[in-house]
Protein chains: 2
Amino acid sequence: MTSDPAAAERRVTIVLFPGFELLDVFGPVQLFSMAPGMTVDFAAPVAGPVASSHGVEVVAPVALAEVTDPDILLVPGGRGTRTLVSDPEFLESLRILAARARIVTSVCTGAALLAEAGLLDGYRATSNKMSFAWVVGHGARTTWVPEARWVEDRDRWTSSGVAAGMDMAAALLAATVGPEAARTATVRAELEVQADPSHDPFARIHGLV
Amino acid sequence: MTSDPAAAERRVTIVLFPGFELLDVFGPVQLFSMAPGMTVDFAAPVAGPVASSHGVEVVAPVALAEVTDPDILLVPGGRGTRTLVSDPEFLESLRILAARARIVTSVCTGAALLAEAGLLDGYRATSNKMSFAWVVGHGARTTWVPEARWVEDRDRWTSSGVAAGMDMAAALLAATVGPEAARTATVRAELEVQADPSHDPFARIHGLV
């Protein structure tokens with residue numbers, strides 16, 4: 001550790017759960033892991049292998065209850081959100097971790113989990129465009145933005161579906177570590193990033209605007 | 001199974017190895033798993049958890065030796081390629097699987113593994129732009145294309161670094177399953193795909209053109 005806060009490592013904790021969407025997780029993780037100044041941990045309701053929506057298993061080294069204060073908490077989407085919105089124990093674990101994090105962020109239908117946990121109350125937010133109506137039904141106290149690649153509102157960042165998580169991650173890197181770190185990551189990953197959060201052709205494709 | 005060959009499932013086998021790059025794998029896998037008509041399997045030199053370049057472990061259910069004929073064999077890049085180019089047993093397992101596959105494809109520095117195995121002899125190919133000189137050193141009988149998002153040459157498809165694998169995967173879906181399957185996958189993933197294989201701003205950033 002260094003005593004210079006500007007050079008301190010930012011720690012991202014990724015929440016895995018059965019039925020998480022692969023790219024929701026590994027798009028942002030790829031950029032975070034290629035940026036200087038960012039470390040990434042994985043945690044799940046129960047430590048051990050966690051099956052994605054697709055079926056392939058990823059190992060969560062620790063349980064959510066073992067996570068110490070993260071700088072950034074990232075909640076992905078995926079099929080698993082459909083049951084977890086009705087899981088009080090899981091939602092309580094999100095609330096506990098979110099209270100300790102500087103920034104809480106979701107990709108895709110992960111926003112439904114944050115909303116159901118009350119973590120988007122009074123915030124502007126967005127989510128996956130194909131499942132938008134379902135997500136909105138879980139957040140009556142949220143101002144939902146149908147046309148957005150991602151939405152940043154104070155300490156809550158929410159992205160649209162799947163691939164949108166990478167564009168949000170690049171913006172989040174720039175805002176937390178710095179623009180140079182974001183550029184280093186996107187050039188290393190050979191990713192042409194979408195830097196305009198209001199750019200969203202998928203809102204129109206799915207009839208939301 | 002159906003008796004209509006046009007409706008047959010295409011099977012992609014992803015080769016995992018210690019030090020594979022996450023997005024090289026999960027970018028294409030996300031698109032393949034969202035497309036109708038495509039299934040994805042994972043295999044590694046030894047079945048079980050495989051640590052990525054980043055450290056997070058992904059479970060390979062079977063060993064490479066257990067894989068039956070894949071339609072498409074996908075080899076990712078990552079730090080692990082630096083040692084695997086000198087691993088005769090691994091390279092031989094690639095040759096055996098490639099001989100049975102209809103299409104052999106690589107993302108990023110995975111091209112160095114294909115080249116060292118002799119699987120790009122007489123082909124045009126590309127690779128990661130930051131590590132291009134190193135990759136080219138492993139393929140004296142390959143025509144390397146420095147400025148390309150991806151290169152398709154008969155039954156060999158090779159992409160540039162990391163995120164480029166998703167653009168190639170969308171094109172590969174269109175070519176093998178059909179354009180509608182590719183569009184379904186990219187819309188579901190909310191991915192604005194780069195459809196021009198010659199578009200490559202990263203070649204210039206890395207001084208290759």
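The two copies meet through the same surface, because 100% of the interface residues of chain A are also interface residues in chain B. Contact here means that the C-beta atoms of two residues, placed from the backbone, lie within 7 Å. This is a predicted model: local features need pLDDT of at least 70, side-chain atom pairs count only at pLDDT 80 or more, and totals for chains, interfaces and linings use all residues. Residues are numbered from 1 along each chain as its sequence is written, while chains are lettered from A and ligands numbered from 1 in the order in which they are written.

- The interface brings 31 residues of chain A into contact with 31 residues of chain B. On the side of chain A, two or more residues each come from α1 (22–34), β2 (38–44), β4 (57–60), α7 (179–188) and α8 (201–205). The largest share, 7 residues, is given by α1(A).
- By class, that side of chain A has 20 nonpolar, 6 polar and 5 charged residues. Ala, Val, Leu, Ile, Met, Phe, Trp, Tyr, Cys and Pro count as nonpolar, Asp, Glu, Lys and Arg as charged, and the others, Gly among them, as polar.
- B:V187 sits in helix α7 of chain B. Leaving aside its neighbours within four places in sequence, B:V187 is in contact with A:F202 and A:I205. B:V187 has 18 other C-beta atoms within 10 Å, so it is partly exposed.
- B:V187 and B:L31 are 156 residues apart in sequence, yet 9.6 Å apart in space, C-alpha to C-alpha.

**Chain A as a whole**

- Chain A has 8 helices and 11 strands. These are DSSP runs numbered from the N terminus: helices are H or I with at least four residues, strands are E with at least two.
- Along the principal axes, the C-alpha atoms of chain A fill a box of roughly 45 × 35 × 35 Å.
- Of the 209 residues of chain A, 57% count as buried. A residue is buried if 20 or more other C-beta atoms lie within 10 Å of its own, exposed if 12 or fewer, and partly exposed in between, with C-beta atoms placed from the backbone.
- Among contacts in chain A with a separation of 6 or more, 69% come from residues 24 or more positions apart.

- Helix α1(B), residues 22–34, has 13 residues and should span 18 Å at 1.5 Å a residue; its end C-alpha atoms are 18 Å apart, which agrees. The expected span is 1.5 Å times one less than the number of residues.
- α1(B) is largely enclosed by the rest of the structure, because 13 of its 13 residues are buried.
- α6(B) is mostly covered, with 10 of its 13 residues buried. Those buried residues pack against α1, β2 (38–44), β7 (103–106), β10 (150–153), β11 (156–159) and α7 (179–188) of chain B.
- α6(B) and α7(B) pack at an angle of about 145°, with their axes 6 Å apart. Axes are lines fitted to C-alpha atoms, for helices over the stretch in contact, and angles run from 0 to 180 degrees between N-to-C directions.
- B:A170, B:L173 and B:A174 of α6(B) meet B:P179, B:A181, B:A182, B:A185 and B:T186 of α7(B). This contact has 7 nonpolar, 1 polar and no charged residues.

**Backbone with positive phi**

- Most residues other than glycine have a negative phi. A:C108, not a glycine, has a positive phi of about 60°.
- A:C108 lies in the loop between β7 (103–106) and α4 (110–116) of chain A. A:C108 has 32 other C-beta atoms within 10 Å and is buried.
- In chain B, phi of B:C108 is also positive, near 60°.
- Just after α6(B), B:G178 takes a positive phi of about 140°.
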